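Subject: Structure for your files

Hello,

Here is the structure we spoke about. Notes on what was found in it follow below.

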Amino acid sequence: MHALFFVLGVPLLGGAVLSGVGHRDVARNINVVFSLATFLAACVLAAQIISDGPTLVWRDQFFVDPLNVFFVTLTAFVGLTTAIFSRPYMRVEQDKGKMTPPRMRLYHGMYQLFIFTMLLALTTNNLGILWVAMEAATLTTVLLVSVYRTAASLEAAWKYFILCGVGIAQALFGTVLLYMAGDKVLGAEGASLLWTNLEAVKSQLDPAIVTLAFAFLLIGYGTKVGLVPLHSWLPDAHAEGPTPVSAVLSGLLLNVAMYAVLRCKVLTDGALQGPLAGQLMMGFGLLSVVVATFFIARQKDVKRMFSYSSIEHMGLITFAFGMGGPVANFAGLLHMTVHSLVKSAIFFTVGHATQKAGTQVMSEIRGLIKVNPMVGWGLMMGVMAILGMPPFGVFASEFLILTTAMRAQPWAAPFLFIALGVAFSAMLIRVLPMVFGETDLKPLDHPPALVPVFVHLGLALMLGLYIPPYLNDWFVQAAKMLGN
């Protein structure tokens, strides 16, 4: 039986099981067990792709290659570490009365279904199923964001649902246009929604239809990426939902939406034989970086600040893929990886800090180094990593992106340097008092789950110093697949 069956089947089964028993104390452990099984299945799938190469599964409806198999493994890994982190975190939330048994059941069931929808979007070969999976991911995260049932969380969930629903509707229209373009070449029996079929005839696709399709797809899936000006749902969803949800939103869902954009860009580049798709991505990416950095400087809520940081980094990734070429594509893939690891680690530490302080307002969170030294140092190291300090992997990817921009797009380089400088100073000014300021708070009641934090930061540090050969080969192959 193909490993993909377990990659998709385990979280789907986990969602069904936890929807029934998610309110019990043992549910936190069951959630970890299902997440661990999904990660192990993803590792087996990755090993199969390394040994056998790209493969089509189940009547060509699913396709796994070096580009998506790594994201499958990364998604399963961060899903596992977030499940480990959420064990003590959600226990405290339940002790405080914020999570009732029905809400715990909803949280655990939707968490596994959310992982399933992301893995489905990453592995499907059918652009229609990709759209359905992205819509399903929206619906599951709406329920997760609103799980506290406060006025603010319900407003954030509704805003998220409306904005992303409109965006997904644009992506649906773009998908229909791609089908029209493919149908003209492949015919009625040509399975015109299969990405591999479209990729094989991309040079024959109607450029006018494909151009219009990519515009709608970029707007649609770009809403899920959090690109400016389609970003306003993201800070609210991060600020009002449980911190584990913030971790998987920033660390995983944004990557999945970017993956959908990249698949569509490959088809558009082949059809147009020109730089239009890349230029659009560079424009949206640069705008996102500049706008997000100045919003970072205005934030008072710690989770909102880091959500704008996610918008900044996804804009930088979009800009890198818009430039194209082997170096920029490699840098974009590396940046997606280290951003997922570091940003989720930051949210882990922020979750423990805000639980103890009873607030998300940064001016009221002080002395984390005294409340729990590991939380304080974890947050400090995470912030230094996300700001691009060497030798963390973010520095390596940003260095590659900026040097490539200086050579290929010199007009954009000053904007990138200024924006990153503003983000660096604004974030550091706010985080230093949180970690080293004076406080009268007592140490945390429950031992926090900090192993995921330092595992993530350790991996981000390793990727800044040394990229294992097999991982480097993955990045190189995926960068070549994305084209010029």
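**Overall shape**

For 484 residues, a compact globule would have a radius of gyration near 23 Å, and the 21 Å of the protein chain agrees with that. Please keep in mind that this is a predicted model. The C-alpha trace of the protein chain spans about 70 × 55 × 45 Å along its principal axes. Its secondary structure comes to 19 helices and two strands. Of the 484 residues in the protein chain, 60% are buried.

Helix H2 (residues 27-52) has 26 residues. From its first C-alpha to its last, H2 reaches 37 Å, close to the 38 Å expected at 1.5 Å a residue. Just after H2 comes Gly53, with a positive phi of about 85 degrees.

Helix H12 covers residues 302-323. Its 22 residues should span 32 Å at 1.5 Å a residue, and the end C-alpha atoms are 32 Å apart, so the two values agree. H12 is mostly covered, with 21 of its 22 residues buried. At the start of H12, a side-chain oxygen of Asp301 comes to within 2.9 Å of the backbone nitrogen of Lys303. Just after H12, Gly324 takes a positive phi of about 70 degrees.

**Salt bridges**

Side chains of opposite charge can pair when their charged atoms come close. A search of the whole structure finds seven salt bridges; some of them are described here.

Lys159 forms a salt bridge with Asp236, and the closest N and O atoms are 2.9 Å apart. This pair links distant parts of the chain: Lys159 is in helix H6 and Asp236 is in helix H9 (residues 233-240), 77 residues apart. Lys159 has 31% relative accessibility and therefore counts as partly exposed. Asp236 is buried, because its relative accessible area of 17% falls under the 20% cut-off. Lys159 and Asp236 are also linked with Arg304 in a network of salt bridges.

Asp269 and Lys265 form another salt bridge, at 2.7 Å from N to O. Both residues lie in helix H10 (residues 243-272), four residues apart, which is about one turn of the helix. An α-helix has 3.6 residues a turn, so residues three or four places apart point the same way. Asp269 counts as buried at 18% relative accessibility, and Lys265 counts as buried at 5%.

Lys98 pairs with Glu93 in a salt bridge whose closest N and O atoms are 3.5 Å apart. Which of these two partners is buried, with a relative accessible area of 2%? That is Glu93, whereas Lys98 is partly exposed, with a relative accessible area of 37%.

**A nonpolar patch**

Leu172, Val176, Tyr179 and Met180 make a nonpolar surface patch of about 320 Å². Val176 lies in helix H6 (residues 151-186), the helix that also holds Lys159 of the bridge to Asp236. At 40% relative accessibility, Val176 falls between the 20% and 50% cut-offs and so counts as partly exposed.

Regards

Definitions and conventions
Residues are numbered from 1 along each chain as its sequence is written. This is a predicted model: local features need pLDDT of at least 70, side-chain atom pairs count only at pLDDT 80 or more; totals for chains, interfaces and linings use all residues. Side-chain values use heavy atoms; hydrogens and water are left out. The expected span of a helix is 1.5 Å times one less than its number of residues. Buried means under 20% relative accessible area, exposed over 50%, partly exposed in between (1.4 Å probe, protein chains only). A polar contact is a pair of N or O atoms within 3.5 Å; within protein, one must be able to donate a hydrogen and the other to accept it, and residues adjacent in sequence count only if both atoms are side-chain atoms. Patches are made of residues with over 30% relative accessible area and no salt bridge: like charges are joined within 9 Å, nonpolar side chains (Val, Leu, Ile, Met, Phe, Trp, Tyr) within 5 Å. Accessible areas come from the Shrake-Rupley method with a 1.4 Å probe; for residues, only the protein chains shown count as cover. A salt bridge is a side-chain nitrogen of Lys or Arg within 4 Å of a carboxyl oxygen of Asp or Glu. The radius of gyration is taken over C-alpha atoms; the globule rule is 2.2 Å times the number of residues to the power 0.38.
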